[in-house]
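Please open the structure in your viewer and keep the selection tool at hand. The tour below goes from stop to stop, telling you what to select and what is there.

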Amino acid sequence: MSKIKQSLKKSLFNRYFAICSIVILATITLMGGLVIGFSARYFSESARETLLKNAEQAASITVAGMEEYGFQKVPVSTVQNGYRIISSTTETIVFLVNLDGKTLICSEGENCNHRTYSIPEDVMEATLSGKYDGTGTLDGIYESSHYTVGIPIMHGEETVAVLFASTEATDVWFFIMDLMDIIFFCALIATAVSSVAIYFVTNSMTRPLRGMAAAAKSFSTGDFTVRVPAEGEDEIAQLARSFNHMADSMADLESVRRSFIANVSHELKTPMMTIGGFIDGILDGTVPEEKRKQYLLIVSEEVKRLSRLVKSMLSIARIEAGDMKLNPEDFDINELVCRTVFAFEQKIEEKKLEIMGLESDEVFVNADNDLIHQVVYNLIDNAVKFVNEGGCISFSYAQKDGKVFVSVKNTGAGIAQQELPRLFDRFYKTDKSRSLDKTGVGLGLYIVQTIVNQHKGDLLVKSVEGEYTEFTFSVPESAPKIVKEKNKRRIPEES
C-alpha cells in the first residue's frame, strides 16, 4: 500500500504540485515584469512632462529678460538666477545656447560642461524644428544618461536662441530596483502561502485516488470490503461514488461466483457419487443380480440429471456471453402450452391432477418459438413438481398494450413471502429438503426470467402459502392481421 501511495505521489501529487507552483511563479514573474515595465514607462513619461514644464518655465523667464532689452541681449544674471531657482527645486539642469549650439547661460554656473562642448547638430536641428525630447549623454556632455528636452526661444517668427533642460535618467533605474525589491518580497510571501495552500489542496484531491489505489490492491487479493470516502459533489467525489458502486457490484459478483461454484460442485458431486457407488457395487458384486436393473435405473436417472444440469449450464453460458439470438415468428402460444402439457401426461396422471384452461381460443404471439417453449416447459415442470396430490394446474391468457400475458397457476403449499425475492437466483431452491424437487438444479426460473427479459417482457410471481402459486410472463403480441378479433381478451383497466 505504501508503494502505491508513493507511486501516486510521484506520478500525480508531485506533478500537480510542481505544475501549480510553476504556474504561480510564472504568473508572478509576468505580473512583476508588467508592473515594472508600466511603472518605468510611467516614471519616464512623468519625468519628461516635468522636464518640459521646467523648460517652458525657464523659457518664459528668458523671454521676459530679453524683452527688457528689445531682444538685443540676454540679462545673464537675471536669467541665471531664475534658472538656478528652477534647478534647485526640481534637480533640473537648465542652459541656454545660441543658434550655433554654444552655451550662453547655465544653471550650474560658469564652469559647467556645457560651455566646453557644443550641442550636436542633430539635436539642434530637431529643436529648431519644434522640440527635442531625447535620452542620452548629448554626445559626451554628460557622463551618465540624461533626459533632455529642448525648445526654441522665439521673437515673433524668428528663433533667437534655444533652451535645454536635463535631468538624470538613472533615477528611473533606482526606482525600478526599489520596485523589484518590493515585488520580490511580495512574490516570496505569495509563493510560500500558495505553496502551502497547494500542498493541502493537492493532498486533499489525491487522497481519494490513493484510497482507490489501495482498494484496487485489496480487490486484487479478493477483498471487496474496502470503500473510498466520497464527500462533496465534485468530479473526484463522483468518481469515488462510482468506484464504490463498482466495488459493490464486484462484491455481489464475487458472491454469486462463489455461490455458483459451490452449487455446481454440489449438484455435480451428488449424482456422480450415486453413479459411482452403484456402478462400483455392481462391478464388485456387492449389488445382487436381481437388484442390478433397479440400481441401473437410478444411475440412468442421475445421468439424465447431469445432462439437464449441463444443458442448463450451456444455456446460462450462451445468455451471459450474449449469444442468445432471438428468431421471432408468429405462433399460437396456447397450442404450444397444450403440446407441452401432454409431455407431462404420465406425471399428471400419477398425481391425479386437474388441468384447466387448455380449451382457450388461439392466442398468437410474436416470439422465438424454441425459447418460449423452454419457458413454458420450465414453468409447467415447476407446477407439476409442487402441486398437491389431486390438485389443479390452470392456464390463462390476457392481452394488453401489445403484449400477451400467460399465467401458469398451481394449487399447493405455495411459497413463503421471504422466499419470493430470491426465487429467480441461480441455484436457489425453496425446497431445501428436496422432498418435492429431487431432480431440479435451481436454474430453471433464472433461465425463464432471462428469456422473458430478452423478449422485453416481464415475469411475475404471486403466491399464498397453503393455497397456490402463480407465474405470469408476457411476450409481444402478434401482428393484428394474425390475431383474430374474437380471440382478443383485454385485462381490465385499473380504476
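Helices (H or I, at least four residues) and strands (E, at least two) are DSSP runs, and they are numbered from the N terminus. Residues are numbered from 1 along each chain as its sequence is written. This is a predicted model, in which local features need pLDDT of at least 70, side-chain atom pairs count only at pLDDT 80 or more, and totals for chains, interfaces and linings use all residues, while side-chain values use heavy atoms, with hydrogens and water left out.

**Stop 1: helix H9**

Select Lys-385 and Asp-381, which both lie in helix H9 (residues 369-386), four residues apart, or about one turn of the helix. These two residues form a salt bridge, with their closest N and O atoms 3.2 Å apart; the term stands for a side-chain nitrogen of Lys or Arg within 4 Å of a carboxyl oxygen of Asp or Glu. Are Lys-385 and Asp-381 buried or exposed? Both are buried, where buried means under 20% relative accessible area, exposed means over 50%, and partly exposed is in between (1.4 Å probe, protein chains only). The accessible areas themselves come from the Shrake-Rupley method with a 1.4 Å probe, and for residues only the protein chains shown count as cover.

**Stop 2: helix H7**

Because they are four residues apart in helix H7 (residues 333-342), Glu-335 and Arg-339 are separated by about one helical turn. Glu-335 counts as partly exposed at 37% relative accessibility, and Arg-339 is partly exposed too, with a relative accessible area of 41%.

Now select the whole of H7: seven of its ten residues are buried, so this helix is largely enclosed by the rest of the structure. The buried residues are Ile-333, Asn-334, Leu-336, Val-337, Cys-338, Thr-340 and Val-341. At the N-terminal end of H7 you will find Asp-332 as a cap, with a side-chain oxygen 3.1 Å from the backbone nitrogen of Asn-334.

**Stop 3**

How many salt bridges does a search of the whole structure find? The search finds four. One more to select is the pair Asp-133 and Arg-48, whose side chains meet in a salt bridge at 2.9 Å, N to O. This pair links distant parts of the chain, with Asp-133 in strand S3 and Arg-48 in helix H1 (residues 2-67), 85 residues apart. Asp-133 counts as partly exposed at 39% relative accessibility, and Arg-48 counts as partly exposed at 22%.

**Stop 4: two surface patches**

Patches are made of residues with over 30% relative accessible area and no salt bridge, with like charges joined within 9 Å and nonpolar side chains (Val, Leu, Ile, Met, Phe, Trp, Tyr) joined within 5 Å. For charges, Lys and Arg count as positive and Asp and Glu as negative, while His and the chain ends are not counted; the place of a charge is taken as NZ of Lys, CZ of Arg, CG of Asp or CD of Glu.

Select Glu-121, Asp-122, Glu-125 and Asp-139, which form a negative surface patch. Asp-139 is found in the loop between strand S3 (132-136) and strand S4 (146-155), and this residue is exposed, with a relative accessible area of 65%.

Then select Tyr-16, Val-201 and Met-205, which form a nonpolar patch on the surface with about 240 Å² of accessible area together. Met-205 has its place in helix H4 (residues 170-220) and is partly exposed, with a relative accessible area of 35%.

**Stop 5: two loops with a positive phi**

Most residues other than glycine have a negative phi. Select Lys-352, whose phi is near 50°, a positive value in a residue other than glycine. Lys-352 lies in the loop between helix H8 (345-350) and strand S7 (354-356), and is exposed, with a relative accessible area of 63%.

Finish at Asp-401, where phi is near 55°, again a positive value in a residue other than glycine. Asp-401 is found in the loop between strand S9 (392-400) and strand S10 (403-411), and is exposed, with a relative accessible area of 66%.

How values were computed:
Polar contact = N/O pair within 3.5 Å; in protein donor to acceptor, adjacent residues only side chain to side chain.
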